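This briefing covers a pocket and a group of salt bridges. Please view the structure alongside the text.

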Amino acid sequence: LLEVESYSAVHQLVSTVASILLSGMLIVVVAEAVLGHRASIGEAWERIRPRLWALLGATFLVALAVIVVGALLVGLGVLAYVAAGTAAAVIVAVLGAVLFLCAAVWVTTRLSLAPAAITLEGMGPIAGLKRSWALTDGQFWRILGITLLAQLLIGAIVGIIMVPAMLIAVGVLATTVDDTGSGAMPVGFLIFMQVLTIFTTAITAPFTSSVTGLLYLDQRIRREAFDLELMNAAGLK
């Protein structure tokens with residue numbers, strides 16, 4: 001059991017780092033595409049490599065903030081239980097969960113442009129978070145709406161891929177269990193699910209990163225007339 005948990009933790013860590021790295025590289029590709037340039041994988045890697053630690057730092061800070069807020073809400077629930085009993089604890093827990101969800105959506109939306117700011121402007125993690133907060137000021141609902149629409153599209157794509165594959169895999173698994181008479185999960189099924197997850201991530205990650213990069217550029221154009229800088233950089237003015 002400990003070996004499985006260790007493997008899961010390592011796998012999650014590697015997946016997180018790889019996701020952050022891929023997101024940063026794709027943001028570079030999108031920014032270069034806006035200028036009419038085609039960035040290669042090597043060029044994107046050279047741009048993102050010095051910014052990797054800053055991206056990891058920003059991700060860690062956001063995760064830490066979420067954990068701290070969650071811990072405070074849990075603490076309030078425990079205090080309510082000690083002071084007023086189960087009914088009060090349930091009420092506090094429900095209200096706390098609603099407030100936590102709203103706060104998480106608000107904060108993550110306001111900080112969603114930090115990876116692009118860190119990657120394209122060479123900022124540190126704290127400066128990148130502040131930059132995202134400034135760029136999204138007064139644009140929360142618009143950015144949230146675009147983000148939710150992108151997530152719905154991604155969910156539809158993942159569903160189109162995953163549902164048929166899962167039905168086939170479950171059918172094969174049921175047949176295998178019936179034949180062998182064992183309730184253990186076949187290794188082949190676990191490998192198949194892992195490969196399927198990697199495949200869907202490879203398809204959806206570029207889309208998500210592209211949306212983030214374009215939202216970042218759009219906000220800079222709206223607030224800082226960044227389109228004029230882009231035209232100059234592209235040699236159109």
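On a 1 Å grid over the protein atoms alone, a pocket is an open set of points where a 1.4 Å probe fits, with protein on both sides within 12 Å along at least five of seven lines, and lining residues have an atom within 4 Å of a point. The model is predicted, so local features need pLDDT of at least 70 and side-chain atom pairs pLDDT 80 or more, while totals for chains, interfaces and linings use all residues. Residues are numbered from 1 along each chain as its sequence is written, and side-chain values use heavy atoms, without hydrogens and water.

**Largest pocket**

- The lining of the largest pocket comprises 31 residues, and Ser-23, Ser-112, Pro-115, Thr-208 and Thr-212 lie nearest its centre.
- Helix H8 (187-224) contributes the most to this lining, with eight residues; helices are DSSP runs of H or I with at least four residues, numbered from the N terminus.

**Salt bridges**

- The structure contains five salt bridges, each defined as a side-chain nitrogen of Lys or Arg within 4 Å of a carboxyl oxygen of Asp or Glu.
- Glu-121 pairs with Arg-131 at 2.9 Å, N to O; Glu-121 lies in helix H5 and Arg-131 in helix H6 (residues 125-135), ten residues apart.
- Glu-121 also forms a salt bridge with Arg-220 at 3.8 Å, N to O; Arg-220 is in helix H8, 99 residues from Glu-121.
- Shared partners join Glu-121, Arg-131 and Arg-220 into one network.
- Arg-220 counts as buried because its relative accessibility is 11%, buried meaning under 20% relative accessible area (1.4 Å probe, protein chains only).

Notes:
Helices (H or I, at least four residues) and strands (E, at least two) are DSSP runs, numbered from the N terminus. Buried means under 20% relative accessible area, exposed over 50%, partly exposed in between (1.4 Å probe, protein chains only).
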